[in-house]
Amino acid sequence: MKILVTGATRGIGREAALAFLEKGCEVIGVYAHSEREADNLRKSGIALYKCDVSDKTEVTRLAESVGNIDVLVNNAGISLRGLFQRVTEDEEKALYGVNLFGTLNVTRAFLQGMINNKRGVIINVSSVFGETGGSMEADYSASKAALIGLTKALAKEVGPSCIRVNCVTPGVIDTDMNAALTIDEVRELTEEIPLESLGSPRSVADMITFLASDEASYITGAVIRIDGGWKT
Ligand code: NAP
């Protein structure tokens, strides 16, 4: 199976790329900035492409180089924390550019190949905040809610072409995205989570590889929460 994971250099995407590699898949990782991490992953056998997913021209070039794929994991994402009233237009453009338009760009670039093959799986990485909303993360929550709508709608549209589209909504996962949290904030969050810890990137990666597998062959349009019971 040929798999493409966006945002493969760090966190959840890196773990998903490695998990697919362990399963014997051909893995293509996409990244935007992290050269050192990309070089390390290349050594493990993952093909790495530098491509800003928010840039349609770069994504078109990526699709031309990579060709058809079996599984697309739309994982690349950035966060934006702050009071809604203080968010600037540039910050908003950057956020939706990666989280929403990045997913749209990459999906559109690879979907036709899947339709032609009558085979494919798309997994979107949303967030629990896309379902519940996160205070001080209104734009982030909106961008992730959009991915849930996209997942459900596209699952209906491309189901007849034998393409499954699903979405995972992680809670607080222990990655660079949460590196700015203080020890006290981590403690407070952990106290709110029934399973009493932040999630590991592997816990999300395992669900992603499951959704890509034949064991999930009757699952589409699903939104699967991985949050240790935090927001359930
Ligand atoms: P992370 O550790 O910050 O990694 C983000 C990845 O996305 C990096 O590999 C980064 O590549 C890539 N990326 C960022 N902008 C990009 C762009 N314009 N084009 C291509 N790649 C780009 O984040 P993470 O925590 O693993 O998050 C992964 C996904 O899970 C995101 O969509 C995030 O919103 C979602 N999520 C995370 C959590 C959490 O608690 N961590 C919770 C819910 C949902 P470079 O390093 O090369 O820029």
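## Close-up views of a predicted model

A153 is found in helix α6 (residues 138-158), where helices (H or I, at least four residues) and strands (E, at least two) are DSSP runs numbered from the N terminus. The model is a predicted one, in which local features need pLDDT of at least 70 and side-chain atom pairs count only at pLDDT 80 or more, whereas totals for chains, interfaces and linings use all residues. Residues are numbered from 1 along each chain as its sequence is written, and side-chain values use heavy atoms, with hydrogens and water left out.

View 1. At 44% relative accessibility, A153 counts as partly exposed; buried means under 20% relative accessible area, exposed over 50%, and partly exposed in between (1.4 Å probe, protein chains only).

**View 2. The largest nonpolar core and the contacts of V73.** A nonpolar core is here a set of buried Ala, Val, Leu, Ile, Met, Phe, Trp, Tyr and Cys residues joined through side-chain atoms within 4.5 Å. The largest such core has 31 residues, and those with the most contacts inside it are F20, V71, V73 and I208. Two or more residues each are given to this core by β1 (2-6), α1 (11-22), β2 (26-31), α2 (35-43), β4 (71-74), β5 (120-125), α8 (201-212) and β7 (223-226), and the largest share, six residues, comes from α1. When neighbours within four places in sequence are left aside, V73 is in contact (heavy atoms within 4.5 Å) with I3, L4, V5, T6, F20, I123, V125 and I208. A second, separate core has 27 residues, including M114, I122, L154 and V165. In soluble globular proteins, nonpolar side chains tend to be buried together.

**View 3. Strand β7 and its pairing with β6.** Strand β6 (residues 163-170) and β7 run parallel and are joined by four bridges; two strands pair if DSSP finds at least two bridges between them. The bridge partner of T169 in β7 is R225, a residue that belongs, with V223, to the uncovered face of β7. The covered face of β7 is made up of I224 and I226. In a regular strand the side chains alternate between the two faces of the sheet.

**View 4. The surroundings of the ligand.** The ligand is surrounded by 31 residues, of which the closest are T9, H33, S34, Y140 and T175; a residue is near a molecule if one of its heavy atoms lies within 4 Å of it. A polar side-chain atom of T9 lies 2.7 Å from an oxygen atom of the ligand, and a backbone N or O atom of N75 lies 2.8 Å from an oxygen atom of the ligand. A backbone N or O atom of C51 lies 3.4 Å from a nitrogen atom of the ligand. Taken alone, the ligand exposes 890 Å², of which the protein buries 96%, with accessible areas taken from the Shrake-Rupley method with a 1.4 Å probe. T175, one of the closest residues to the ligand, has its place in the loop between β6 and α7 (183-192). T175 is itself buried, with a relative accessible area of 15%, and touches G11, I12 and P201, not counting residues up to four places away in sequence.

**View 5. N99 in helix α4.** N99 is found in helix α4 (residues 89-117) and is buried, with a relative accessible area of 0%. The side chain of N99 makes a polar contact with the side chain of S143 at 3.2 Å; such a contact is a pair of N or O atoms within 3.5 Å, and within protein one must be able to donate a hydrogen and the other to accept it, while residues adjacent in sequence count only if both atoms are side-chain atoms. Residues up to four places away in sequence not being counted, N99 touches A76, G77, I78, Y140, S143, K144 and L147.

**View 6. Positive phi values at M136 and C162.** Phi of M136, a residue other than glycine, is positive and near 70 degrees. M136 is found in the loop between α5 (129-132) and α6, and counts as partly exposed at 41% relative accessibility. C162, likewise not a glycine, has a positive phi of about 65 degrees; C162 is found in the loop between α6 and β6 and, at 45% relative accessibility, counts as partly exposed. Most residues other than glycine have a negative phi.
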